Amino acid sequence: MTDETIKRDTVKYNDPTPFDNSELQSISEISKALRHKMNGEDVREPIAQQGEALVKLIQETGGNQSAEVQAARGNFELLGIREDAQDNAINRSFNEINTKFNKNDADNYLKSITVVPETFTNLAAIKAKHPNGANGLMVAADNGHKYVWTNNVWTDAGVYQSAGIADGSITAAKLDTAVMAGIKLMPGKVLPNYDTETKIWNWGGASARQAAIFMGDNNYKLIPPDTTVVNNATSVAAKLIYDGSSFQFINWSSRTPTGSYLVAIINNPDAEQTTTVTADFPCTIDGRLNYDYYSEATFIASLNGLPAYDLDTKTLDFQSTDNKPAIIKFGGKTYNIPSGTVITNSVASYAAILVFNIDTQTLSFVARNISLSKQVVVGSVITAGQNYAVFNGFDCVVNGSLNQLDCGNLSKMTPETIKFYPCVNNYPMYDSNKQTFDFNSQKSNPATIISNKGFYLVPVGTIAQPTTSALSNYRKKVVYNLKTNVAKVQAYAEMVPPYSVIICTILSGANQKTEIISDFPVIVDGIPTETVRQNPKKANITAILHRGYSDKYPEESELAYIQSIKELGTYNWEGDIMFTSDNVPVMLHDAFINNFARYADGTEVTETTDMRKLTLEQLNTNYDFGLAKGEQFVGTKLLTFDRFCQLAKQYDAYVHVEFKYPYTTEQISILHDTVIKWHMQDSIAWQAFQRDMLKPMIELEKSAQIELLAHATDTLDAAFYEDAKTYETSSNRVCISLDSSCTDKQISDTVNRGYYVIVWVAYNDNDIKRLAGLGVSAIMTGGINVADVLFK
């Protein structure tokens, strides 16, 4: 068979697509693959399928071999010619492959590919040098992207590693939100405070509203309440920084570490100067607002006159008019206060801040613990009702008088003018033996010092201890350091330390009564310095102290009864009897002590505790009966009935004792024997709600006064009064003791029946006056001088 004959039937091998071997192809498809497929594997499969296709064809034609041969021959004259043509096509394909992709060519091609990119100015430069493409990576310097030649074009394959950052080349779109926004602090319910003595920063806050630190958009962390940071920096100025998880102080000269934020700057000068905090959020220094750096507002009064404050209406008139406005300068801008501007001080506290809102350009008084967002401080005011007001920050006329504000050296100032306000009903106490001055400051109502520079809350438990010189000096003074909150009793000639003020003067001597010179009451050795109007044992309207002076002291304690005479001049005491498990009667209103007792370590009594199941020793050892009232009463023990009667005998007091539950015969005998022991038969009255409980005592003490207790909800009818008569003896008096919530009619009806009427408890002056007007014979209070009220 000649080549010429074969060439007649061959075509080019130019089909690179794979042969479909998923199913048996037709004879014509097989023939087409054999003529045109480029790759050997795509030729061998058609050869293999050729025989299978012939078998299938024979089966389908019913053995008509001529038809089969004719179909297999295709376009060739003879079947053999077709087979030779196929063999030649396969050989040529292999030859072409070996020619185009021999090993040397492949090695050389791979060697031509480089991983080191070529660098060009931009994409245009790449195209200029390699218009028809090239192997490897091409990098454009203008955008740092790499380009590869694919599908006959230069294709952008993204950023190649990193590109150098040119000055001014980073745009806002490339920056993270945290970088753009920086760090923002939002104080919590309690402002952050820096203590200049301990050098401790306290983030304040509260569980209900914690301080938060914002880093970018909605990325924030809450700062746990009272988180503290100690300033261990050795430089005068220190930086407070945050690294994303914790805070620390570093020296001013130290570089802020990468990834950390600068939160605030503390300037800690020596003792002669003032510590300052630079921050973009409000904070306090030693409990006072850091005004100096938080506000730089300047107030300029109107030419019409100084602002005028009216103590009666609590209004401030800026005297501003259109042609003569009062002015505020802040941040390089000038703001005119509108004509006729008058603002009201509605702040409940005696201290208020005058602020200017930059957005609304309005003035207002605000409480000293508010967040001053978008507001600047113009000044502050301290008021004492309708008595006086002291303005700071600008001159002001108060009820027609000019406020005098300043004195002394500001950096080492001892204010000349101060006002001390004791706690309500908790006057300072001076002990002439120890020579100590207890400010008696309470947590809920702290004692306050107001100077011409501000106001200061005296910490709970502050007691002025005497200096060595004071111990041997008859003239003394109590001084208080406004910066350290430390008080001392000094000899009168001793120098007053910087930042200290004189609270009062003390005169004493070996043979003279101690005298306190002050404009506020002081209790000296348990006796107030001011004259106390007396409430005698017997009076037309008798004053009785309910559970002793219980408004101020732990109820039914020895202190509550003694101070009722010393401070209120009241000689009638009321109390309740409970028995311990070892049968000792004590003065206590409730058997369950959870609400008014504490464990000896000061913790709350959380489990229900019945004192009747404990001995007196257990109660006084394991529990404290004063702490619940205040820390100054730590160590208070239960008052026994025996000691109660002894005190009443000593202070010539009349006592009213309530039976709380039915006592045993033995217990009633113990009470009776105690009364006989202290000769108190004529100075004691027995009372109860369950009246039958009193009958055994009446049998023992037929002359004792009997007081029948009744609530407003009890039925005070004829039967009640008939029953009351059954408690009368030939020598006693039966009284009716009514709840103060009884109606006026209930009270007056009882009075009109001729009974000695006692009412418990009057809570204010109006209650006392109302009851006196109804004709009652005795009024119980928790700590009001009844005679004082009735004499007003």
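**Close-up views of a predicted model**

**View A. T514 in strand β38.** T514 is part of strand β38, which covers residues 512-517 in this predicted model. The relative accessible area of T514 is 17%; because the cut-off for buried is under 20%, T514 counts as buried. Apart from neighbours within four places in sequence, the residues in contact with T514 are Y430, S432, I506, L507, S508 and V524.

**View B. Helix α14 and its surroundings.** Helix α14 spans residues 665-677, 13 residues in total. From first C-alpha to last, α14 reaches 18 Å, close to the 18 Å expected at 1.5 Å a residue. Q667, I668, L671, H672, T674 and V675 are its buried residues. Viewed down the axis of α14, these buried residues fall within an arc of 160 degrees and so line one face of the helix. T665 and E666 are exposed and sit on the face turned away from the buried side. The cover over the buried residues of α14 includes the strands β42 (572-579), β43 (585-587), β46 (654-659) and β47 (684-688), together with the helices α13 (641-650) and α15 (695-700). After α14 comes H679, which has a positive phi, near 55 degrees.

**View C. The open sheet β5-β8-β9.** Three strands form an open sheet in the order β5-β8-β9, and their pairing is antiparallel. β5 (183-186) and β9 (220-223) are the edge strands; each has a single partner strand, so one side of each is left without a neighbour in the sheet. From one strand to the next, the twist averages 20 degrees. β5 and β8 (residues 211-215) run antiparallel and are joined by 4 bridges. I183 has M215 of β8 as its bridge partner.

Definitions and conventions
Residues are numbered from 1 along each chain as its sequence is written. This is a predicted model: local features need pLDDT of at least 70, side-chain atom pairs count only at pLDDT 80 or more; totals for chains, interfaces and linings use all residues. Side-chain values use heavy atoms; hydrogens and water are left out. Helices (H or I, at least four residues) and strands (E, at least two) are DSSP runs, numbered from the N terminus. The expected span of a helix is 1.5 Å times one less than its number of residues. Buried means under 20% relative accessible area, exposed over 50%, partly exposed in between (1.4 Å probe, protein chains only). The arc is that of the directions from the helix axis to the C-beta atoms. Contact means heavy atoms within 4.5 Å. Two strands pair if DSSP finds at least two bridges between them. Axes are lines fitted to C-alpha atoms, for helices over the stretch in contact, and angles run from 0 to 180 degrees between N-to-C directions.
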